[in-house]
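Dear colleague,

Please find below the structure that I am handing over to you.

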Amino acid sequence: AMDDFIINSVSQVYIPITRPEIWAEEESQKERRLAIYATLSEILRVFDIMLHPICPFTTEYLHGSMFGQKKTILLESWPQPQKSLVNDTVEESFDLMKEVVSVSAAARMKGKLKRRWPLNDAIICVEKSQKEKLESLSNLLLSQLNVEKYTIIELEKKEGLELVAQLLKLNLPIVPKVELERKKIGPKAKQDLPKLLTKFAETDPRKIVDDLLQSGSHIFDLGANKITLDKEDFIIDFVEQPEYAMAKRESLIVFVSSARNREMMAQGLVRDVARRLQALRKERGYNPTDILDAAYILDLDEESLEMVKERHEELAFLVRVKNIVFEDKAKSYKDDDIDGQKIRISVE
């Protein structure tokens, strides 16, 4: 539980969603920054105490160097729950958001869309009563999904024909997928089974779905014979349309657009470069809060170079440097690559 909390809740959720506020320099944001620092300090102090029985020497060292109000960690009281800080509604909303982000990540992986690439939009299908919970975290949801906009839709049906019918009615980007229930159609088709399979392969799945919704059955005209199949003779599902990638988990369905425009490509490229420069800062031992003189980037292709130059101020902010330099003036470089494009970078 402790491992899950410090990695998944603190490192992968709380720190990423507060990072832009931590790095902001405006005086008007000072109280917010201090609140975040205080929260992180309390989290780490309590975590250090709770970890002490398992890892005594390291936790004693950390306590003395970071939280040394008392001479030894052994003089600290065992942490108690602060019930006044418990908010079930907020926790449920965050749990739901994390699940949505996880399913969105699966959709991106399916569509070969990197999580750091900004996309145009997402469509999130949830159960009844869940829309309001997600909307309460609107700005966080945008940043965590890394999309320009999103739509939340509450669904009544969870599976099968009824679900597909509802998705079609809502004009969601799906294509019905229909398969035959082989064990059930055998007795009905008998010697006409090969003809039925051929006819089925030639039939538009949307036509079958429409007939099943209207009359509960679909008739296959095989020439000499006609075979009527009912709802239970089909397995009804759906796939996404080509311009979207989709993933689903139980009653949760997320569609993400696969098309990227130049603006979004530039955003993604800047974030890619920023991540590599941030890692290089760490490798070279710079303090995260230090503002360095410059970051150096060489060997970008012409289009990428133009996009990065257009956003050099944003990149400088993310990397915490005064300038972005595209000329060979650094003392030393590190070889790196972005999606197969070899580049050289430096921070000094």
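This is a predicted model: local features need pLDDT of at least 70, side-chain atom pairs count only at pLDDT 80 or more; totals for chains, interfaces and linings use all residues.

Helix α7 (residues 160-169) and helix α10 (residues 205-215) have axes that come within 11 Å and cross at roughly 110 degrees. This makes α7 roughly perpendicular to α10. On the α7 side the contact involves Leu161, Val164, Ala165 and Leu168, which meet Arg206, Val209, Leu212 and Leu213 of α10. These residues comprise 7 nonpolar, no polar and 1 charged.

For helix α11 (residues 262-283) and helix α12 (residues 302-310), the axes come within 9 Å and cross at roughly 80 degrees. These two helices are therefore also described as roughly perpendicular to each other. Arg262, Met265, Ala266 and Leu269 of α11 make the contact with Ser304, Glu306, Met307, Val308 and Glu310 of α12. By class, there are 5 nonpolar, 1 polar and 3 charged residues in the contact of α11 with α12.

The model contains 21 salt bridges. In one of them, Lys110 pairs with Glu240, with the closest N and O atoms 3.1 Å apart. Lys110 belongs to helix α4 and Glu240 to strand β6, 130 residues apart. Glu240 counts as buried because its relative accessibility is 15%.

A salt bridge also joins Lys128 and Glu156 (3.9 Å, N to O). Both lie in loops, so the pair ties together parts that are 28 residues apart in sequence. Lys128 is partly exposed, at 46%, whereas Glu156 counts as exposed, at 58%.

Finally, Glu42, Arg45 and Glu76 are linked in a salt-bridge network.

With kind regards

Note on methods: Residues are numbered from 1 along each chain as its sequence is written. Side-chain values use heavy atoms; hydrogens and water are left out. Axes are lines fitted to C-alpha atoms, for helices over the stretch in contact, and angles run from 0 to 180 degrees between N-to-C directions. Helices (H or I, at least four residues) and strands (E, at least two) are DSSP runs, numbered from the N terminus. Angles under 35 degrees count as roughly parallel, over 145 as roughly antiparallel, 65 to 115 as roughly perpendicular and the rest as oblique. Contact means heavy atoms within 4.5 Å. Ala, Val, Leu, Ile, Met, Phe, Trp, Tyr, Cys and Pro count as nonpolar, Asp, Glu, Lys and Arg as charged, and the others, Gly among them, as polar. A salt bridge is a side-chain nitrogen of Lys or Arg within 4 Å of a carboxyl oxygen of Asp or Glu. Buried means under 20% relative accessible area, exposed over 50%, partly exposed in between (1.4 Å probe, protein chains only).
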